[in-house]
Amino acid sequence: MPISDSKVTLSFSDGTPSLKFPIYKGTIGPDVIDIQNFYKISGKFTYDPGFMSTASCNSAITYIDGNIGELLYRGYPIEQLATKCNFMEICYLLLYGELPNKMQNDKFIQAIAEHTMVDKKIFAFLNGFSRNAHPMAILTSLVSALPTFYEDSLYIHDPYYREISAIRIIAKLPTLIAMIYKFNLGQPFIYPSNNLKYCDNFIYMMFSNLHKKYKTNKIITKALDRILILHADHEQNASTSTVRLVGSSGANPFSCIAAGIACLWGPLHGGANEAVLNMLKKIDKTENISKFIKKIKNKSSNIKLMGFGHRIYKNYDPRAKIIRNICYKVLNELDLLNKSLFKLATKLEKIALEDDYFVSRKLYPNVDFYSGIIQQALGIPVSMFTCIFAMARSAGWVAQWNEMISDPNKKIGRPRQLFVGSKKRSINCK
Ligand code: SDX
């Protein structure tokens with residue numbers, strides 16, 4: 001990592017001698033101050049709950065500039081990737097660092113197709129859940145069980161097995177998610193058809209049944225493919241940081257991904273797309289918007305405008321712009337444009353973007369604001385929205401996990417704390 005010639009000097013007001021720390025420069029983006037020895041030489045910890053100003057690692061996968069609303073996967077702008085590539089090419093790019101040529105692409109797609117099946121015993125797991133169990137709870141459990149079927153996922157220091165685990169994760173998530181959907185419906189599972197493309201295969205498994213093969217619709221599969229591209233990776237967000245932290249202990253990749261899925265489910269993170277739909281349904285009519293906004297401004301209500309705000313994007317989330325256009329196009333092509341939900345969402349967005357409460361806090365629509373509306377238009381049930389997010393993000397998670405495990409300087413993640421509890425005391429003799 002290039003060390004910049006400037007250092008940072010930390011001086012203390014209590015006369016403690018000042019300390020110097022090296023500064024590292026990335027290819028683009030903010031420099032970092034290397035404080036790995038800070039505790040050793042100062043006897044103090046730094047303090048950064050929520051990691052607002054902390055770089056947890058170095059990575060070459062995704063770069064975000066929140067001020068200008070820029071998102072790059074391996075250097076390519078998301079706007080170009082979302083229009084010129086498909087999700088399989090993005091998975092390859094995130095994993096291997098370059099877009100695939102025809103031969104690499106065909107080989108990768110073939111490898112994914114050969115690993116879409118899951119062991120029949122997984123079906124038995126499903127019967128342990130209540131029929132209306134939340135799909136994200138079931139998905140977390142099923143992915144947690146995968147190491148029991150693929151013992152070689154434990155050989156994390158062998159690049160061959162790391163690659164096969166990555167392929168299995170990307171290939172099996174659609175099958176597991178479609179199985180969960182069928183389980184919730186009480187319908188028989190539909191096995192993957194390996195001569196279909198990735199998104200066509202997923203829609204086929206979701207919406208076919210034993211007596212009628214679902215005829216995939218180009219509009220739906222193209223829109224789903226672009227939703228997966230937009231959600232594929234996003235630097236060190238909460239779920240990716242979870243995957244890295246679990247992976248830093250040497251856990252197998254399936255267990256790391258299961259932990260990432262559990263984190264993604266939270267409504268402040270990937271669960272926001274489901275929360276946006278529920279919020280729009282609760283607002284119901286445009287005339288109710290101002291009353292709802294008033295509630296948000298009253299802190300004690302603890303209500304947030306779901307799909308708005310972002311830790312990094314203090315300008316528009318570039319993905320929100322793209323997904324809003326896809327949403328408009330899909331609703332138009334599916335002749336759902338008079339869909340009150342979309343009208344309500346665009347009206348809510350307009351009002352919020354003119355309201356100083358949101359503008360002063362730099363709260364703009366994020367990727368989750370419109371993704372739920374499209375998914376509902378594609379026929380995907382609200383409770384499955386975050387599973388779709390997990391399907392997409394599995395590519396980023398496994399690429400980030402692989403990057404961390406391949407790093408010769410990796411260390412187990414073990415933050416410290418500011419202790420504010422009771423001083424040492426003895427139990428009074430009873
Ligand atoms: C994703 O990190 C990633 O990259 C995530 C993600 C990815 O691809 O992995 O982009 C995916 O998770 C997108 C975010 C989806 N979540 C939501 O839409 C939920 C609603 N948004 C918020 O909960 C919030 O904006 C967060 C969690 C997204 C960001 O929180 P921060 O950066 O910790 O901001 P904050 O909570 O410190 O808020 C700053 C101020 C506060 O007000 P004050 O105390 O200054 O008065 O803004 C307010 C907050 O109350 N605020 C909101 C708000 N978000 C922040 N007020 C109302 N509605 C909101 N949505």
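**Exercise 1.** Which helices each supply at least two residues of the lining of the second largest pocket?

*Solution.* Before starting, note that this is a predicted model, in which local features need pLDDT of at least 70, side-chain atom pairs count only at pLDDT 80 or more, and totals for chains, interfaces and linings use all residues. Residues are numbered from 1 along each chain as its sequence is written, and side-chain values use heavy atoms, with hydrogens and water left out.

Step 1: α3 (87-96), α4 (102-113), α7, α8 (198-207) and α9 (218-230) each give at least two lining residues. Helices here are DSSP runs (H or I, at least four residues), numbered from the N terminus.

Step 2: The volume of this pocket is about 490 Å³. On a 1 Å grid over the protein atoms alone, a pocket is an open set of points with protein on both sides within 12 Å along at least five of seven lines, while a cavity is a set where a 1.4 Å probe fits but cannot get out; lining residues have an atom within 4 Å of a point. A volume is the space filled by probe spheres set on the points, which are joined across faces, edges and corners.

Step 3: The pocket is lined by 27 residues, and Met88, Lys197, Tyr198, Cys199 and Asp200 are the closest to its centre.

Step 4: Sorted by class, the lining has 12 nonpolar, 10 polar and five charged residues. Ala, Val, Leu, Ile, Met, Phe, Trp, Tyr, Cys and Pro count as nonpolar, Asp, Glu, Lys and Arg as charged, and the others, Gly among them, as polar.

**Exercise 2.** Describe how α7 packs against α3 and against α11.

*Solution.* Step 1: The axes of α3 and α7 lie 12 Å apart, at an angle of about 150 degrees. Axes are lines fitted to C-alpha atoms, for helices over the stretch in contact, and angles run from 0 to 180 degrees between N-to-C directions.

Step 1: α3 and α7 are therefore roughly antiparallel to each other. Angles under 35 degrees count as roughly parallel, over 145 as roughly antiparallel, 65 to 115 as roughly perpendicular and the rest as oblique.

Step 2: From α3, Met88, Cys91, Leu95 and Tyr96 meet Glu163, Ala166, Ile167 and Ile170 of α7. Contact means heavy atoms within 4.5 Å. This contact has seven nonpolar, no polar and one charged residues.

Step 3: Now turn to α7 (residues 159-185) and α11 (residues 253-264), which pack at about 40 degrees with axes 10 Å apart. That makes α7 oblique to α11. Ser165, Arg168 and Ile169 of α7 touch Pro253, Phe254 and Ile257 of α11. By class, these are four nonpolar, one polar and one charged.

**Exercise 3.** How many cavities of 30 Å³ or more does the structure hold, and which residues line the largest cavity?

*Solution.* Step 1: There are two such cavities.

Step 1: The largest cavity, with a volume of about 40 Å³, is lined by Met117, Val118, Phe123, Thr175, Met179, Phe189, Ile190, Tyr191 and Pro192. Eight of its lining residues are nonpolar, one is polar and none is charged.

Step 2: The second largest cavity holds about 30 Å³ of space. Its lining includes Gly309, His310, Asp317 and Lys362, and divides into four nonpolar, four polar and two charged residues.
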